[in-house]
Amino acid sequence: MRVFLLGCAAIATLSACAPQVPDSAAGVVDTGRGVGFNNYDAYQAAREAQLNGTAPAVPAPVAVQSTPLDDAAEAAAARLAASQNSGDAPLDASPSNPAPQVVANAAGISGENDFTAVSAQRDIEADAALIAQNRAQYQVIQPTSLPTRPGSGRPNIVAFALQTSNPVGTPLYKRSTFRAEAKYAKACAGFASADLAQEEFLAQGGPQKDRKGMDPDGDGFACTWSPAAFRAARGG
């Protein structure tokens, strides 16, 4: 009997020390209800339905209503489908986005490449007469000798180029081979362009003389200068 009384006292002590479980739904402390369930009976019923395999009631589906598209909306949808099939950027399928208007010919743009536009203005005979008129007005200007530069005593490299006919690298004049490569590199390095080098070469007695070693192969053309461009402008 004494042991039974001691056991009841221990159980009562432990019950008094048990923490109270808060009710998250009601916001109050209640040791007789679970956490997170506002209605324990509803929870128990739902749990039993799961155990028994009874499916909960499913609300009836809402009927979908449709409205036929008007002509503008159908045209926009057709343009959208065409743009997606062609790989172009999609268009805004909206009645407020009408189809673009085709511009036949804006002001200031010539219609000479449009056969329909040209045929409305003139026939083939008139077009042929216009071509013949343009050809009659075409003039070929023949090149003439360049005038000398007044007030300058420097040689004219253009006139010199047109007076020559030998290819570049063909020796015509005697040259010294003593330190020819070193003298050539040093002399040509002092000029900003090949034209200036040729001009100085002619001013120093070239092409017969080559005091600075600017024409080691003796073709009459100093450093890297060539008369080919001037000959081509003359036509040969």
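**A guided reading of a predicted model**

Guide: Arg 179 lies in the loop between α6 and α7. The model in which we find this residue is a predicted one.

Visitor: What makes the phi of Arg 179 worth a remark?

Guide: Its phi is positive, at about 50 degrees, although Arg 179 is not a glycine. Most residues other than glycine have a negative phi. Cys 223, likewise not a glycine, also has a positive phi, near 55 degrees.

Visitor: Where is Cys 223 placed?

Guide: Cys 223 is found in the loop between α8 and α9.

Visitor: Why are Cys 188 and Cys 223 called a disulfide?

Guide: The term requires two cysteine sulfur atoms within 2.5 Å. The sulfur atoms of Cys 188 and Cys 223 are 2.0 Å apart, so the pair meets that cut-off and is a disulfide. By this rule, the count comes to one disulfide.

Visitor: Why is this disulfide called left-handed?

Guide: The torsion about the S-S bond of Cys 188 and Cys 223 is about -95 degrees, and the disulfide is therefore left-handed.

Visitor: What makes the linked parts of the chain distant?

Guide: Cys 188 belongs to helix α7 (residues 180-188), whereas Cys 223 sits in the loop between α8 (194-203) and α9 (228-234), and 35 residues separate the two.

Visitor: How do you know whether Cys 223 is buried or exposed?

Guide: A residue is buried when its relative accessible area is under 20%. The value for Cys 223 is 14%, so Cys 223 is buried. Cys 188 is buried as well.

Visitor: And how do you know whether Ala 222 is buried or exposed?

Guide: Its relative accessible area is 0%, which is under the cut-off of 20%, so Ala 222 is buried. Ala 222 lies in the loop between α8 and α9. Leaving aside residues up to four places away in sequence, Ala 222 touches Ala 197, Gln 198, Phe 201 and Met 214.

Visitor: Which residues touch the most other members of the largest nonpolar core?

Guide: They are Ile 157, Phe 160, Phe 201, Leu 202, Met 214, Cys 223 and Trp 225, in a core of 14 residues. Helices α6 (157-163), α7 and α8 each supply at least two residues of this core. The largest share, four residues, comes from α6. Trp 225 touches several residues beyond four places in sequence, among them Ile 157, Phe 160 and Phe 230.

Visitor: How many helices and strands does the protein have?

Guide: There are nine helices and zero strands. Of its 236 residues, 17% count as buried.

Visitor: What confidence does the prediction carry, and where does pLDDT stay under 50?

Guide: The average pLDDT is 74, and 61% of the residues score at least 70. Over residues 21-37 pLDDT stays under 50. Where pLDDT is low, the predicted coordinates should not be read in detail.

How values were computed:
Residues numbered from 1 in each chain as written. Predicted model: local features only at pLDDT ≥ 70, side-chain atom pairs only at ≥ 80, totals over all residues. Heavy atoms only, no water. Buried < 20%, exposed > 50% of the residue type's maximum accessible area, 1.4 Å probe, protein only. Contact = heavy atoms within 4.5 Å. pLDDT = per-residue confidence, 0-100. Core = buried A, V, L, I, M, F, W, Y, C linked by side-chain atoms within 4.5 Å.
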